[in-house]
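Please look over the model below.

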Amino acid sequence: MSVEQTLRDYILENYLFTDDQSELNSADSFMGKGILDSTGIMEIIFFIEEQFNIKVEDEEMVPENLDSVNNLVAFIAKKSG
Amino acid sequence: MSVDISAVLEELLAFDKNAEVEKITSAIREMLRGKVKRRGLVVAISGGIDSSVSAALAVKALGPKKVFGLLLPETDSSSKSSERGKMLAEFLGIEYLKHNIAPALDAIGCYQWRDEAIIKTFPDYGEGWKNKITIAGGTSGQINHFQLVVEDPDGNQMEKRLGLNEYLQIVAATNYKQRLRKSVEYFHADRLNYAVVGTPNRIEYDQGFFVKNGDGSADIKPIAHLYKSQVYALARHLGLPDDICNAVPTTDTYSLSQGQDEFYYALPYREMDVALWCFNHDKPPAFLAEKLGLSEEQANYVYGDIQNKRKTTAMLHWNALTIEKVEGPFSSPE
């Protein structure tokens, strides 16, 4: 499964309680759209660290890296590359 | 960091203190008589400025015989807080009770759950060590996250970012403190047929800095509309003892001394007052930046943090949600 699909499934299942893919746009801002709060972002960090075996550093905890599926995909690609 | 907050603070403090005291005290009487239907007030006194002013206003509204004070220290409370609380209760001439809640917290596992989570982060942590949680991120545009700071018995401090599960467990465990205090407050309120006073100031109320069903729970909240600087001004206006008027805001929840700004707010309280006031008065970020000596980008982050905390903590204010509106006098106190 692609990184994007893994992330989408995780968010749809755990925060939107649905498997309807149309409920989440990969460009949606998690915090802007009220999908996640800062604790939710901490959960996402925990999830990607476990799932993709990366370590998110303090200075990397910015919305540009973490606040949408697209941002996460780009961030994970950069960290894994 | 503070550059020119005086002009804003001056405007914030330019309120008629006599009229404010009159407004609050008559509202307290009206609420008790018309809505809450209780014959007095219970106030838990922490020794901090907010509970001190709330207790003083309760006494002004009802007289000392109808106000019951509670001092509820536990293992991590500073002894100075307790001394100030006792001093205030005696200054106000109210009946009060000191009840150490540490044995009850211990019995329910508060300290054990907390320490288990700390040990996962710092395996050497144990007897004689101290701890606190600090927040990072608010003025730098980072997503808020939390650091665990510990101090060994020799005074060496160490710091690490908290993992999600450990953070949640430490906060959940320490929330027992506020929730147990509230149970004790309601026990005495029920026993006396009194109502319970909640003591948040405006920034705590607005930014959700309270524990749901803990310090957030109350029948009336008489200073929730006042900025913290205004609460200090009222303390002086009401002639409260100097030690109380000069008390530095702390959470008094963790064994290492912890400022409220370290744990929750992006800024120290005077700057936070100014930021919230500017936000509420539609001042542009450039205005706030100039007042606080921040860059415009940082001021934007502060405004973003204010909006974000407001949004994410709104549910702490709510009663349980029902599937459809259940009509009755309980829907609203009006």
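This is a predicted model.

Which residues of H14(B) are buried? They are B:Gln298, B:Ala299, B:Tyr301, B:Val302, B:Asp305, B:Ile306 and B:Lys309. These residues cover an arc of only 155° around the axis, so they sit on the same side of H14(B). The face turned away from that buried side carries exposed B:Glu297 and B:Gln307.

The length of H14(B) agrees with expectation: at 1.5 Å a residue, its 17 residues should span 24 Å, and the end C-alpha atoms are 24 Å apart.

Next, the chain contact. Chain B supplies 14 residues and chain A supplies 13 residues. On the chain B side, helix H7 (164-192) and helix H14 (296-312) each give two or more residues. H14(B) gives the most, with three residues. The table sorts the chain B side by class.

| Class, side of chain B that touches chain A | Residues |
|---|---|
| Nonpolar | four residues |
| Polar | eight residues |
| Charged | two residues |

Last, the core. In soluble globular proteins, nonpolar side chains tend to be buried together. The largest nonpolar core here has 96 residues. B:Val42, B:Val43, B:Ala55, B:Ala58 and B:Ala275 have the most contacts inside it. Helix H3 (residues 49-62) of chain B contributes the largest share of this core, eight residues.

What does B:Ala55 touch, leaving out residues up to four places away in sequence? Its partners are B:Val43, B:Ile45, B:Val67, B:Gly69, B:Leu88 and B:Leu92.

Notes:
Residues numbered from 1 in each chain as written. Chains lettered and ligands numbered in written order. Predicted model: local features only at pLDDT ≥ 70, side-chain atom pairs only at ≥ 80, totals over all residues. Contact = placed C-beta atoms within 7 Å. Helix = DSSP H or I, 4+ residues; strand = E, 2+ residues; numbered from the N terminus. Nonpolar A, V, L, I, M, F, W, Y, C, P; charged D, E, K, R; others polar. Expected span 1.5 Å × (residues − 1). Buried ≥ 20, exposed ≤ 12 C-beta atoms within 10 Å, placed from the backbone. Arc of directions from axis to C-beta. Core = buried A, V, L, I, M, F, W, Y, C linked by C-beta atoms within 7 Å.
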